[in-house]
Amino acid sequence: MKLPFTTLTAAASATLLVSAAPLAADDHAVDPTAFVEADAKRTERVAQQLWELAELGYLETQTTALLQSELSGEGFRIEQGIADIPTAFLAEWGEGGPVIAIMAEMDALPGINQSASPLREIIEGKNAGHACGHNLFGAGSLVAAIAVKKWLEETGTPGRIRFYGTPAEEGGSGKVYMTRAGMFDDVDVAIHWHAGDENSAAAQTSLANRSAKFRFKGISAHAAGAPERGRSALDGAEAMNMMANMLHEHMPQDARMHYVITSGGNAPNVVPDFAEVFYYVRHPDPDGVEEIWARLENAARGAATGTGTEVEWEVIHGNNPLLVNETLAKVMDQKLRQVGGVEYTDEERAWAEQLQESLGDAAKPLASAGEIGEYEKSLGYGSTDVGDVSWATPTVGVRTATWVPGTSAHSWQAVAASGHSIGHKGTQVAAKSMSLMAVELFTNPELRAAARAEFDAARGEDYEYRSLLGDRAPPLDYRK
């Protein structure tokens with residue numbers, strides 16, 4: 001699969017903004033954003049409940065139960081355990097018409113936690129945190145889907161709003177298994193969003209990626225009394241890491257590779273007979289991932305041979321790059337501008353200023369939370385399993401300022417804001433923007449057709465979906 005990628009400057013892309021398509025939702029007597037506004041307490045409550053739970057990928061049992069309960073209470077039909085994933089589900093309301101999907105992520109990250117304080121404050125005994133804002137993602141998508149359901153109900157518009165509960169985005173590729181199982185094949189358009197430190201509907205692609213756990217097996221022995229009898233599995237892992245670090249010099253500029261040693265032995269005086277290292281490889285194109293991956297596998301084999309150990313590996317996750325749809329992205333940009341950014345109260349400003357002291361030179365003006373970034377098409381260096389969905393159906397996303405400007409994802413500052421009113425306000429902006437976008441799609445068949453035409457042209461006539469995971473089953477225990 002080759003990624004059709006072109007970088008456009010903001011000035012150049014501005015001339016391509018959709019102008020012919022009527023914005024029917026804006027002129028409709030029933031405003032879906034009013035439903036979102038009226039449901040602000042639900043947004044805050046659900047976001048906070050998910051923040052407190054902070055469940056890891058494929059272990060989101062209470063999280064998914066909460067989301068399903070909220071949706072079933074609003075009359076949605078629930079299908080549980082889709083794609084052989086116990087915590088994955090879809091909820092649907094409506095009949096006939098187009099199918100518009102809103103996706104929700106829900107998993108937390110291991111090894112990081114923080115209170116909702118602007119100062120570093122670890123919560124003792126808590127081993128995970130929403131450092132990527134997926135508690136906000138889940139709550140915002142929930143409220144948006146309910147708002148669109150109410151709009152469909154009040155207007156009598158034919159169509160189905162479908163909510164996807166998608167587990168394990170963080171290294172588990174939940175959406176990939178759902179895509180592979182055909183869960184998005186009948187969807188006209190899929191909508192997603194993400195927490196961030198700015199408001200933007202820019203068309204940003206992502207890197208394809210693949211991960212695996214490389215497991216070395218050796219022979220244990222007394223490290224002092226009989227070292228000649230031992231074959232250190234940790235030596236194998238470290239030798240692999242040394243070769244992988246040399247490989248960095250000979251990778252394309254836009255590629256990325258990183259690792260952590262997840263197991264390296266328990267006592268210095270025991271030659272470890274087991275070691276494990278967890279690798280990620282990223283590249284703008286899936287073929288680029290494959291090329292680097294083949295070299296990484298050779299490094300693992302060479303390391304095992306040189307240290308007298310054995311090695312095997314298990315692919316854990318893999319995502320295709322995001323296929324952006326500019327027809328949709330430009331309309332989402334208009335919807336976001338219609339909603340506007342995040343405005344802080346005096347209390348929130350004081351909280352944000354205190355947190356910004358920890359950001360150093362990365363801090364941005366707090367006023368930027370109320371601004372909308374310029375539209376452009378560019379390459380993003382993160383990876384997401386939304387990428388696979390975007391190759392199954394036209395997909396569009398938005399990012400809002402749920403975090404203090406300058407905050408990086410996967411940081412304690414992101415955890416703090418995701419559990420604060422600042423995060424809740426950014427979530428409301430996302431929910432309103434998505435509800436307006438969904439209504440536009442229900443009422444504007446020309447927009448749907450144009451998005452599909454761009455999608456079909458980008459994929460090409462001979463396109464066949466290929467997962468970077470192969471045919472493996474979901475790794476339901478990868479966080480255990």
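This is a predicted model: local features need pLDDT of at least 70, side-chain atom pairs count only at pLDDT 80 or more; totals for chains, interfaces and linings use all residues.
Let me start with a term: contact here means heavy atoms within 4.5 Å.

First, the overall picture. The protein chain has 15 helices and 14 strands. Its radius of gyration is 23 Å, close to the 23 Å that the globule rule gives for 480 residues, so the chain is as compact as a globular protein of that length. Along the principal axes, the C-alpha trace spans about 85 × 55 × 45 Å. Of the 480 residues, 58% count as buried. The accessible surface comes to about 18,800 Å², and carbon and sulfur atoms hold 49% of that.

Now contacts. Take those between residues at least 6 apart in sequence: 83% of them join residues at least 24 apart.

Six strands form an open sheet in the order 1-2-6-3-7-14, and the pairing is mixed. Which strands stand at the edges? Strand 1, residues 77–80, and strand 14, residues 395–401. Each has a single partner strand, so one side of each is left without a neighbour in the sheet. On average, neighbouring strands are turned by 20° against each other, direction ignored.

Look at strands 3 and 6. Strand 3 covers residues 99–105, strand 6 covers 159–166, and the two run parallel, joined by seven bridges.

Finally, the helices. Helix 6, residues 134–155, lies across strands 2, 3, 6 and 7, at about 155° to strand 3. Helix 14, residues 421–443, lies across strands 3, 6, 7 and 14, at about 165° to strand 7.

How values were computed
Residues are numbered from 1 along each chain as its sequence is written. Side-chain values use heavy atoms; hydrogens and water are left out. Two strands pair if DSSP finds at least two bridges between them. Helices (H or I, at least four residues) and strands (E, at least two) are DSSP runs, numbered from the N terminus. Axes are lines fitted to C-alpha atoms, for helices over the stretch in contact, and angles run from 0 to 180 degrees between N-to-C directions. The radius of gyration is taken over C-alpha atoms; the globule rule is 2.2 Å times the number of residues to the power 0.38. Buried means under 20% relative accessible area, exposed over 50%, partly exposed in between (1.4 Å probe, protein chains only). Accessible areas come from the Shrake-Rupley method with a 1.4 Å probe; for residues, only the protein chains shown count as cover.
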